[in-house]
Amino acid sequence: MTAMSSETESSKIAGAAPQGGGAPSAVDSHWLRELALEAGAEDVGFVSIDREEIAEERPHILEAFPRTRTLISIVTRLNPDNVRSSQRSIGNLEFHRNYEHVNHVAAEIVRRLARHGIRAVNPSAAFPMEMDEYPGRIWVVALKPVAVAAGLGQMGIHRSVIHPKFGSFINLGVVLIDADVTTQTRPIDFNPCLSCKLCVAACPVGAIAPDGYFNFGACFTHNYREFMGGFTDWVETIAESRDARALRSKVSDAEQSSMWQSLSFGANYKAAYCIAVCPAGEDVIGPYNADRAAFAREVLDPLVQKKEPLYVVAGSDAEDYARRRFPHKAIRLVGGGLRPRTIDGFLQGLSLVFQRGKAKGLEAIYHFTFTGTQSRKATVVVRNRQLAISDGHVGKADIAVVTESKSWLAFVYKERSLASMLLTGRLRIKGPPKLLLAFGRCFAT
């Protein structure tokens with residue numbers, strides 16, 4: 001780079017560097033956008049660390065990079081036809097390829113910024129993550145709320161960000177930098193989601209309801225079968241099988257090979273059909289607008305008609321839905337894989353595994369008192385197929401539960417029986433025992 005071109009480049013960075021060197025006080029947003037695009041991003045937005053929309057993320061961001069002043073949110077584009085193929089190896093190859101690409105783009109942005117004295121960090125767009133925290137928060141930065149705040153799209157009914165141009169066929173990345181920018185980007189003022197409910201029709205385990213309700217546990221158990229919890233459940237199935245023949249009766253050779261493939265080449269999604277069928281986005285909406293019936297026949301029907309195993313927890317809403325809606329698909333009853341390590345984690349996780357179908361007709365207030373090393377009081381209300389959790393004892397309880405915290409977690413893990421806990425005094429209840437049994441049915445683990 002010549003002295004003149006270097007001077008021109010530096011002039012695009014607004015603000016003078018602080019005394020003693022370091023990053024400039026503010027970076028020209030137009031220059032920064034061009035830098036990110038040249039590095040391979042297909043769209044870019046900027047969000048200040050002080051923005052209200054990412055307030056919940058702020059402590060986690062600052063833990064990762066205490067100098068953070070601005071988040072650069074980036075988008076890379078997926079090939080829609082690859083994602084839509086009924087041959088899931090094609091879709092998974094596209095996801096893996098693009099995750100590597102978006103991480104490479106973020107790293108390249110960091111490298112280029114370093115030339116100008118701007119310090120930066122790029123958290124992973126997918127794995128690896130902070131698995132020591134599992135099953136709690138394993139990601140460094142939640143990319144979706146950052147992308148929405150940056151104006152790169154809005155959340156659709158399928159719980160993915162829909163870009164106004166590229167639709168659902170995107171991967172997200174983020175770069176944390178130690179400088180302000182001259183102009184931030186803001187959320188778009190409309191939602192590209194068409195509310196067409198094709199994602200509802202495509203989901204093989206009913207994780208997305210027509211009214212917008214999302215059953216996280218159903219999605220996690222099936223779509224992420226070969227990730228975290230599903231892998232643990234598979235290992236425990238092996239450990240609990242007395243011999244190879246017993247194992248084969250529980251896990252087919254095809255399923256074993258699929259797990260091997262995930263371990264060898266990267267964990268594979270079992271569905272991601274909600275993204276595959278989404279017609280939203282300026283670049284992809286054309287065929288849907290031209291002939292909706294033809295679009296459904298070409299994109300939706302092959303996924304609906306595909307013969308494949310569906311992974312569900314026994315007694316869950318997902319099991320009921322899958323058996324009713326997809327009788328031609330094989331049902332596999334598995335563990336949910338979400339095992340809280342603490343009482344706080346147990347209470348926070350209830351909403352993730354709540355089964356509102358199983359809660360039909362139940363109207364009850366539960367007062368929990370956890371004793372021992374993790375003492376806490378909490379109120380859980382199940383009413384109108386909805387769940388509410390609050391600290392302390394609120395209202396008049398229909399049933400009061402007093403239990404030693406470690407024993408309760410062991411019971412949740414199915415390592416202790418309800419009878420043994422009652423006999424040993426580690427669990428005491430005041431109220432109808434049937435309400436405790438009804439409580440258990442509401443949470444598929």
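Which residue is the bridge partner of V75 in β7? L172 is that partner. The model is predicted: local features need pLDDT of at least 70, side-chain atom pairs count only at pLDDT 80 or more, and totals for chains, interfaces and linings use all residues. Residues are numbered from 1 along each chain as its sequence is written, and side-chain values use heavy atoms, with hydrogens and water left out.

**Terms for the strands and helices**

- Helices (H or I, at least four residues) and strands (E, at least two) are DSSP runs, numbered from the N terminus.
- Two strands pair if DSSP finds at least two bridges between them.
- Contact means heavy atoms within 4.5 Å.

- β3 (residues 70-77) and β7 (residues 170-177) are antiparallel and share 8 bridges.
- β2 and β3 also run antiparallel, joined by 6 bridges. V47 has L71 in β3 as its bridge partner.

**Burial of β2**

- β2 is mostly covered, with 6 of its 6 residues buried (under 20% relative accessible area; exposed is over 50% and partly exposed lies in between, with a 1.4 Å probe and protein chains only).
- In a regular strand the side chains alternate between the two faces of the sheet.
- D43, G45 and V47 point one way from β2, while V44, F46 and S48 point the other way. All of these are buried.

- β11 (residues 364-371) and β14 (residues 399-404) pair in the parallel sense over 6 bridges. F368 has V401 in β14 as its bridge partner.

- β11 and β12 are antiparallel over 7 bridges. The partner of T369 in β12 is K377.
- The hairpin of β11 and β12 has 4 residues between the strands. G372 in the turn has a positive phi of about 90°.
- β12 and β13 run antiparallel, with 6 bridges joining them. The partner of R383 in β13 is Q386.
- The hairpin of β12 and β13 has 2 residues between the strands, and N384 takes a positive phi near 55°.

- K430 sits in β15 (residues 427-430).
- K430 is exposed, with a relative accessible area of 69%.
- Leaving aside neighbours within four places in sequence, K430 contacts D398, I399 and A400.
- K430 and A400 are 30 residues apart in sequence, yet 5.0 Å apart in space, C-alpha to C-alpha.

**The second largest pocket**

- A pocket is an open set of points on a 1 Å grid over the protein atoms alone, where a 1.4 Å probe fits, with protein on both sides within 12 Å along at least five of seven lines; lining residues have an atom within 4 Å of a point.
- The second largest pocket has a volume of about 380 Å³ (the space filled by probe spheres set on the points, with grid points joined across faces, edges and corners).
- The lining has 18 residues, of which R88, S258, K270, K306 and P309 lie nearest the centre.
- α5 (88-114), α11 (253-265) and β9 (309-312) each supply at least two lining residues. α11 gives the most, with 4 residues.
- The lining divides into 4 nonpolar, 7 polar and 7 charged residues (Ala, Val, Leu, Ile, Met, Phe, Trp, Tyr, Cys and Pro count as nonpolar, Asp, Glu, Lys and Arg as charged, and the others, Gly among them, as polar).
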